[in-house]
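Please look at the sequence and the model before reading on.

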Amino acid sequence: MSACVRGAPARTGVAIAVRLREDRDDLSIFELVNEACFRHGASHLDPFPALDGFRAWLSGLGDTRFETVAEIDGQVVGFCGLYILPQRRNHCAWFFLGVRESFQGNGVGKRLLQTTIAAADILFGLGRLELTVFADNEKALSLYRKFGFEIEGRHRNFVHRGDERVDAYSMARIRAEAGPPNSVEELQERIRELACWLRSRLAE
Ligand SMILES: CC(C)(COP(=O)(O)OP(=O)(O)OC[C@H]1O[C@@H](n2cnc3c(N)ncnc32)[C@H](O)[C@@H]1OP(=O)(O)O)[C@@H](O)C(=O)NCCC(=O)NCCS
C-alpha cells in the first residue's frame, strides 16, 4: 500500500487550535514536510537535509504571506502557508497545506484551509487562489473541491515518485468581485471582520 492511502483513524472530539506561525514552529513544520506521507502526496522536492535549509526555502517564498499552524494538545500537527504573488498577479496567491500523518482525518486540514480562505477573502480580498495537486491525491482533491476549487488543467508526467511519473492538476478558486483594502481604515475594518469570522467559525 502506498504512503498515505490508509490514513489514521479519526479521533472524535479533538480540540484543534489554529494560530499564526511563529519561528519556534519551524522544526515541527520541517518534520511535517519531510514525512513520507507529505512527500508522497504533495512534494516535488527532495527531503530537506537540515532545518536551516528548510528555513531558507520557506523564507524565500515571498514577502506577503499568511501562515498558520494547527495544534492539538499543544503539539503542532498541521501547517498552511498562503503566498501572495507580486505585481500584476497581486490578486492571486498559492498555498501549501499539510497535516502530520498520525493526525489526519480529524478535521485539521479543513480547519486550516477554512482559516486561510477567510484571510484570502476577507483580509486580502484576493481574486484567485491556485495550487497544484497530484492527480492521485484523493484526500486533497476532495478537500479542495469542497472549498470551491475547480480543476483547470492536467499536467501529464508532472513529477517523479520512485520509478513512476505522476500527473498533477492545476486547481483554482475564483472570486471575481474581490479587491484589496483601499485605506488603512478599510484594512482595520477587514481585520475586525476576520477576527469576528474566526471567533464565530472556529468555535463550531
Ligand atoms: C490532504 C490533507 C491536508 C487533508 O488533511 P486532513 O486533516 O486529513 O483532512 P480533514 O480531516 O480535515 O478532512 C477534510 C476533507 O478531506 C477529505 N478527506 C479526508 N480524509 C479522506 C480520506 N481518507 N479519503 C478521502 N477524502 C478524505 C474529505 O473531503 C474531508 O472532508 P469531510 O471530513 O467533510 O469528509 C492531508 O491528508 C495531508 O496533509 N496530506 C499530505 C499532504 C498533502 O497531500 N497536502 C495537500 C497537497 S496539495
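The sections below describe the ligand site and then the nonpolar cores of this predicted model.

## Ligand shell

The ligand is surrounded by 22 residues, of which V99, G107, N137, S142 and K146 are the closest. Sorted by class, the shell holds nine nonpolar, ten polar and three charged residues.

Several elements contribute to this shell. At least two residues each come from α2 (36–42), β4 (92–99), α4 (108–123), β5 (128–134) and α5 (138–146). The largest share, six residues, belongs to α5.

## Polar contacts and burial

A polar backbone atom of L97 lies 2.8 Å from a nitrogen atom of the ligand. The ligand taken alone exposes 930 Å², and the protein buries 78% of that.

## Nonpolar cores

The largest nonpolar core has 35 residues, and F95 and Y144 touch the most other members. Two or more residues of this core come from each of β2 (65–72), β3 (75–84), β4, α4, β5, α5 and β7 (164–174). With nine residues, α4 gives the most.

Leaving aside residues up to four places away in sequence, F95 touches C80, G81, L82, L113, E130, L131, Y144 and F149. There is also a second, separate core of 14 residues, including F30, F48, L58 and Y83.

Technical notes
Residues are numbered from 1 along each chain as its sequence is written. This is a predicted model: local features need pLDDT of at least 70, side-chain atom pairs count only at pLDDT 80 or more; totals for chains, interfaces and linings use all residues. Side-chain values use heavy atoms; hydrogens and water are left out. A residue is near a molecule or strand if one of its heavy atoms lies within 4 Å of it. A polar contact is a pair of N or O atoms within 3.5 Å; within protein, one must be able to donate a hydrogen and the other to accept it, and residues adjacent in sequence count only if both atoms are side-chain atoms. Accessible areas come from the Shrake-Rupley method with a 1.4 Å probe; for residues, only the protein chains shown count as cover. Helices (H or I, at least four residues) and strands (E, at least two) are DSSP runs, numbered from the N terminus. Ala, Val, Leu, Ile, Met, Phe, Trp, Tyr, Cys and Pro count as nonpolar, Asp, Glu, Lys and Arg as charged, and the others, Gly among them, as polar. A nonpolar core is a set of buried Ala, Val, Leu, Ile, Met, Phe, Trp, Tyr and Cys residues joined through side-chain atoms within 4.5 Å. Buried means under 20% relative accessible area, exposed over 50%, partly exposed in between (1.4 Å probe, protein chains only). Contact means heavy atoms within 4.5 Å.
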